[in-house]
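Good morning, and thank you for coming.

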Amino acid sequence: MKIFFIWALALPLHLCLGQPAEDPLRALTPADLANGKRLFGGQCAPCHGITGGGGKGANLAVPRLKHAADNQELVAVIRGGIEGTGMLEAWQLNESELIQVAGYVRSLGSVAASAIPGDPAKGRAIYEARGCSGCHIVAGNGSSLGPELTEVGARRGAAYLRKKLVDPSEETPDGFVIARAVTHDAREVRGIRVNEDSFTIQIKDAANRFHSFRKSELVQLEKDSTRSLMPAFAATLSPAELDDLVAYLASLRGDR
Amino acid sequence: MKSLALLLVLAAVLCAQVPYERLTKAESEPQNWLTYSGNYSAHRFSRLDQIAAANVAHLRPVWMYQVKNREEFETSPIVVDGVMYVTEAPMAVTALDARTGRPLWNWQRPIPRDLKTLGFGPNNRGVAILGDTVFAGTLDSRLVALDAHSGAVRWETVVADYKTGHSITVAPLAINGKVITGISGGEAGIRGFLDAYDAKTGKRLWRFWTVPAPGEPGSETWSGDSWKTGGGPTWVTGAYDPERNLIYWGTGNPGPDWNGDVRPGDNLYTCSLVALDADSGKLKWHFQFTPHDVHDWDATEIPVLLDATVRGRERKVVAMANRNAFYYLLDRDTGEFLHASPYARQTWAKGIDDRGRPEVLPNTAPSVEGTLVYPSLQGSTNWFSPSYNPLAHLFYVAVREMGSYYFKGEAKYKPGTFFYGGGEHPLDGDRAYGAIRALDVSTGKMQWEFRLQSPPWAGVLSTAGGVVFGGSNEGNFYALDAVTGKPLWEFQVGGPIVANPVTFAVDGKQYVVIAAGHALVAFGLN
């Protein structure tokens, strides 16, 4: 009993004495950052963009990263990836390379975010007037055919957002490939490919209905990742309106 | 009463006794699955034909056995007289009633806290059986011998130090009085080897180093101290020819993987097939598929022993669909190069010359900026098994069609840490796909192809019923017509399949079993 008592006392004491976590990036040199940039350019930029502004992967040129509150977490995220997302573990980087890449990622966020021209309030009005919520959800409102935009400003840089508004067909995001299926009895379904395996495909049509097909039931199955169901706004929005809409989308950070 | 007791004792002795002679004639008892690949020749083919092309559409799950561990479940079961033996991640062996899936015994040990698997997941691919003993390798680099009737430990031998990145995931190969095991650690700068242990005592009988020491034949293909961290792991079960008493085993990549600057030369015997005398462990011959590899194209694919007519002459050959995208035939006695042809997309070699050496194209080595090469780091195929169907004379291989940007980085050896010098950025998603391909064994020519949604991690099994079984990353367990490749049946198991199928029979009923997601699923006809 006595032994237990002493042990029980000792445990919290031990925890109290725990050292504060050391910053793994504290001793980085300019040469380390240069190597981090080089590694980032080859291995991270394909998804995050060469300046970290986001693309298939998240916008990293922000002062606060959603999955990495501190530098230890940042190193851990780069090392281990983020389950359920496209962020893979960087097993190929050794410990010093991990720290170099993390240092470079942090440096991206400390650069003053390029001022986004445009007025977010006006952009919001354009978003509503153009019926964007017919396909996108922001903070719980809207319809879900297209990607949710609640946090799109945290995940995507302004340059990426502008590019998608002008020409949405470039780099269709995973999970939004267009599919067209024709059954033996000439029924045709067109929509977003929700899932697919070697024998079946699941499609969501423009009315947000799920359709399930066995591939053997189909006479035709086309997939197109070079087109998007979203209209291009290059011709229908003025440059100033585009700026406003980008500014609004960039302001969406998931804050409620 | 006395005679009944005697009968019971006899039954206990006879039951599950697997003498070496039984292993040499595994084909003659197709109700059992006695070795990793089904027979010593590594065919992964069964003479069972109750489940056939004509009725496989009626196949349905009969039982499931769920594992607690969340790691990938990669076991290839052994089945002996109604009892199934499987390994579970990270370090466990379980015996199951093969008819019902109910556990009979379990042996497990916790993984040491300081153990790191460098370059692979904490998995295991299966056991071997000989006599009344089941053998398994462990992640902490031990070989464990368990009583087949209870799971009690008979002996345990340290094969290598796990703290230096050595590990065992490979299923052992049991031959006459010996247990052969390979080793993992190709991304940790180990010096690879293949070991033989006395099946009764666990005493090491011989060790073949896959990287020669200075002065030994082959050492001229290394420079300086590079041989000490030269890699050449032996992490997939090989084949055995009892008549020749030769073990055929594939070796993995040289270390460091993607930066070959510190190891100029061919780097023997990495990325090779070695034929070893089973009594002495002495090298009879070797064949190197990828000299001075810089893409991590281990030659640890299954070497398949078969007879084939090559350029008009009947030959005893070893066939291998190599990770480097070429299908090879070698003479089984001499290792003479007989044939190579691509079975998947490749952009690194102009071809294979008359001696079997690849004609490497310029600008295909990894670079700082990234070099796009087909196949990807994981190769055109990998550890998951091919199957040889002697009735159709076809070689089935699960193919990964994916390219990769290869990066070159620095590599500094520190024991027990990664030592690879680079990496890759694969062209995945819809830019990649998979396939099951049937190759003519003699010519390597593709006879049919069945397309898969993504590059697979599951092997194939073929049967005398005219069926090929395989699995997909998306959870499809399926049957194809062995002659035409036409899909005949499919079941969605609900988790990725990263394992090889096997088949067996109990009480005259045939089953097909696959590890899928975190369960073992057995299928049978109604």
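**The interface and the cores**

In this predicted model, chain A and chain B bury about 1,700 Å² between them, and carbon and sulfur atoms give 51% of that area. On the chain A side, the residues that lose the most area to chain B are W91(A), S198(A) and F199(A), which together make up 35% of what that side buries. Counted by contacts, 18 residues of chain A meet 25 residues of chain B.

Let us consider the polar side of this interface. Eight residue pairs are in polar contact across it, and two salt bridges are found between the chains. One of these salt bridges joins R214(A) to E490(B), with the closest N and O atoms 2.3 Å apart.

Which elements give two or more residues to the side of chain A that touches chain B? They are α2, residues 30–43, and β4, residues 188–196, of chain A. The largest share, three residues, comes from α2(A). By type, this side of chain A has five nonpolar, five polar and eight charged residues.

The largest nonpolar core has 67 residues, and Y327(B), F395(B), I436(B) and W448(B) have the most contacts inside it. Strand β27 of chain B, residues 394–401, provides the largest share of this core, six residues. Beyond its neighbours within four places in sequence, W448(B) is in contact with several residues, among them L394(B), Y396(B), I436(B), V468(B) and L480(B). A second, separate core has 55 residues, including L23(B), I78(B), I180(B) and L194(B).

Key: Residues numbered from 1 in each chain as written. Chains lettered and ligands numbered in written order. Predicted model: local features only at pLDDT ≥ 70, side-chain atom pairs only at ≥ 80, totals over all residues. Heavy atoms only, no water. Contact = heavy atoms within 4.5 Å. Buried area = accessible area lost by both parts, 1.4 Å probe. Salt bridge = Lys/Arg side-chain N within 4 Å of Asp/Glu carboxyl O. Polar contact = N/O pair within 3.5 Å; in protein donor to acceptor, adjacent residues only side chain to side chain. Helix = DSSP H or I, 4+ residues; strand = E, 2+ residues; numbered from the N terminus. Nonpolar A, V, L, I, M, F, W, Y, C, P; charged D, E, K, R; others polar. Core = buried A, V, L, I, M, F, W, Y, C linked by side-chain atoms within 4.5 Å. Buried < 20%, exposed > 50% of the residue type's maximum accessible area, 1.4 Å probe, protein only.
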